[in-house]
Amino acid sequence: MWEKVKRLFLAKVLKKHYYRTGKCKGCGQCCTHIYVKHFKHVLQDEKEFERLQYIHKFYSDLKIIGKDELGLIFECKNLDSQTKRCKIHFWRPGICRRYPQEELFAMGGTLSEDCGYKMEPIIPFKQILKEVEKKHTPNKLVRFFKK
């Protein structure tokens, strides 16, 4: 029952298409290849990143490791390179606590093969297909073509 209420809230109120299942395995992959979306765009240049570091502490915890067609690529400074564990796990920022989010996929991102998290569709594909088929029953199509 609780699961149905949760799915309804996510789909209808928050307008989400996926929800997170599973749990973190501590592989550190999500901390080593990060795109940062600020408002409606992915950070593209270093000057903008420098300005954002004054706005929020989270940006100070990142270092630029590259750039591609999508934007700047970051790595978290709080990731211990040997243990692959977060040095500030208990005090980690909200963006890390909410990882992974649906926006990751909207930007073309994926989860690593070893990630313990999975993103599950809130409304299963079979249910969506059933609703579409209902709207386009053969009787409606026959009436459409007779006109």
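Residues are numbered from 1 along each chain as its sequence is written, and side-chain values use heavy atoms, without hydrogens or water. Because the model is predicted, local features need pLDDT of at least 70 and side-chain atom pairs count only at pLDDT 80 or more, while totals for chains, interfaces and linings use all residues.

Start with the core. A nonpolar core is a set of buried Ala, Val, Leu, Ile, Met, Phe, Trp, Tyr and Cys residues joined through side-chain atoms within 4.5 Å. Buried means under 20% relative accessible area, exposed means over 50%, and partly exposed lies in between (1.4 Å probe, protein chains only). The largest nonpolar core has 13 residues. I34, V36, L43, F49, Y59, L62 and F74 have the most contacts inside it. Helices α2 and α3 (57-60) and strand β5 each supply at least two residues of this core. β5 gives the most, with three. Helices (H or I, at least four residues) and strands (E, at least two) are DSSP runs, numbered from the N terminus. In soluble globular proteins, nonpolar side chains tend to be buried together.

Leaving out residues up to four places away in sequence, Y59 touches V36, H38, F49, L52 and Q53. Contact here means heavy atoms within 4.5 Å.

Next come the aromatic rings. Rings of Phe, Tyr and Trp (its six-membered ring) pair if their centres lie within 6.5 Å; planes under 30 degrees apart count as stacked, over 60 as edge-to-face and the rest as tilted. That rule gives three aromatic pairs. F49 and F74 have ring centres 4.7 Å apart and planes at 50°, so this pair is tilted. The pair links distant parts of the chain, 25 residues apart: F49 sits in helix α2 (residues 46-55) and F74 in strand β5 (residues 72-76). Both residues are buried. F90 and W91 have ring centres 5.3 Å apart and planes at 85°, so their pair is edge-to-face. F90 is exposed at 65% relative accessible area, and W91 is exposed at 66%.

Finally, the lining of the second largest pocket. By class, this lining has six nonpolar, one polar and five charged residues. Ala, Val, Leu, Ile, Met, Phe, Trp, Tyr, Cys and Pro count as nonpolar, Asp, Glu, Lys and Arg as charged, and the others, Gly among them, as polar. β1 gives the most to the lining, with three residues.
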